[in-house]
Amino acid sequence: MAASAFRRLYNLEWVGAGCDGPRGSLPGTSTDDTVGTYATDYAVAVVGFVTAAALLCNHSLPRSHKLCGASFFAWTAFGYGVAGALRQSLREDELSPTHRFAWTVSFVSTLIGIISFQLLANSVLVARFPSLARCGKYILVVSLVLFVIVIDYNIFAGASFLVTGAYSLAVLLYASVVFGLASEFAKLSGCALMITGMVVQAALSSRCGDAAYRNCFTDCPLPAPQFNHNALFHTLLALGLVVLGVAMHASPHASQKAGHMSPAV
């Protein structure tokens, strides 16, 4: 049903007036189409596409490092770009979708990106710690099985923010451990920023999201709804991608210094 027929958007005029008087829209408003949220969606997209292009144009990088890295950044950028367009142009979000196929495309794109990052992290693990090669294979198999399950869930059961986010968080945590063990602290910092964004988004959702709308966002520490928990998550994600991208472009893992790049498994 079109947004014009059933209003789900925040009444920003009512919020700007201090939430005084009738709300002017139905209770249960849940659609986050605010500028801060979709603008930061686009910020993630720009960072992702630029970084992917930079990695592909860096002829000093090993082929597998280049392809896995560029795939991660490009698919992540595409997924968040689609989400930004859906918020801005169609006035909907992942919690109240109308164009479900488009949201599925967005979520599946980010999942393709995150599995590419999993492959890259595995290559680092195997290259730096050959004795853990078998462990890396088991981890990769489990991750691929979960990837297929999550993809199927998003396609057949509907795009799920919770399922997609949980899988992405697990991969980022794994990559953080790998980069930490490999003493690649710049890449670890990039992952940490992205993980922090996810955690903060979940922690502030009840204080800065739909539940806070009826209270005029008085308990939200952010300037919501113009810049809320989703916008903060996107901002930290974009910053994490910048840090990670610069580190990957300037200093690939130590196996390159030895003149080779180990495969993912």
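Biologist: Which residues of α6 are buried?

Modeller: First, this is a predicted model, where local features need pLDDT of at least 70, side-chain atom pairs count only at pLDDT 80 or more, and totals for chains, interfaces and linings use all residues. Residues are numbered from 1 along each chain as its sequence is written, and side-chain values use heavy atoms, leaving out hydrogens and water. Helices are DSSP runs (H or I, at least four residues), numbered from the N terminus, and buried means under 20% relative accessible area, exposed over 50%, partly exposed in between (1.4 Å probe, protein chains only). On that basis, the buried residues of α6 are Thr 164, Tyr 167, Ser 168, Val 171, Leu 172, Tyr 174, Ala 175, Ser 176, Val 178 and Phe 179.

Biologist: And what covers the buried residues of α6?

Modeller: Contact here is heavy atoms within 4.5 Å. The cover includes α4 (100-128), α5 (133-157), α7 and α9.

Biologist: How far apart are the sulfur atoms of Cys 208 and Cys 220?

Modeller: A disulfide is called for cysteine sulfur atoms within 2.5 Å, and the search of the whole structure turns up one. Cys 208 sits in helix α7 (residues 185-208), and Cys 220 in the loop between α8 (210-213) and α9 (229-250). Their sulfur atoms are 2.0 Å apart.

Key: Helices (H or I, at least four residues) and strands (E, at least two) are DSSP runs, numbered from the N terminus.
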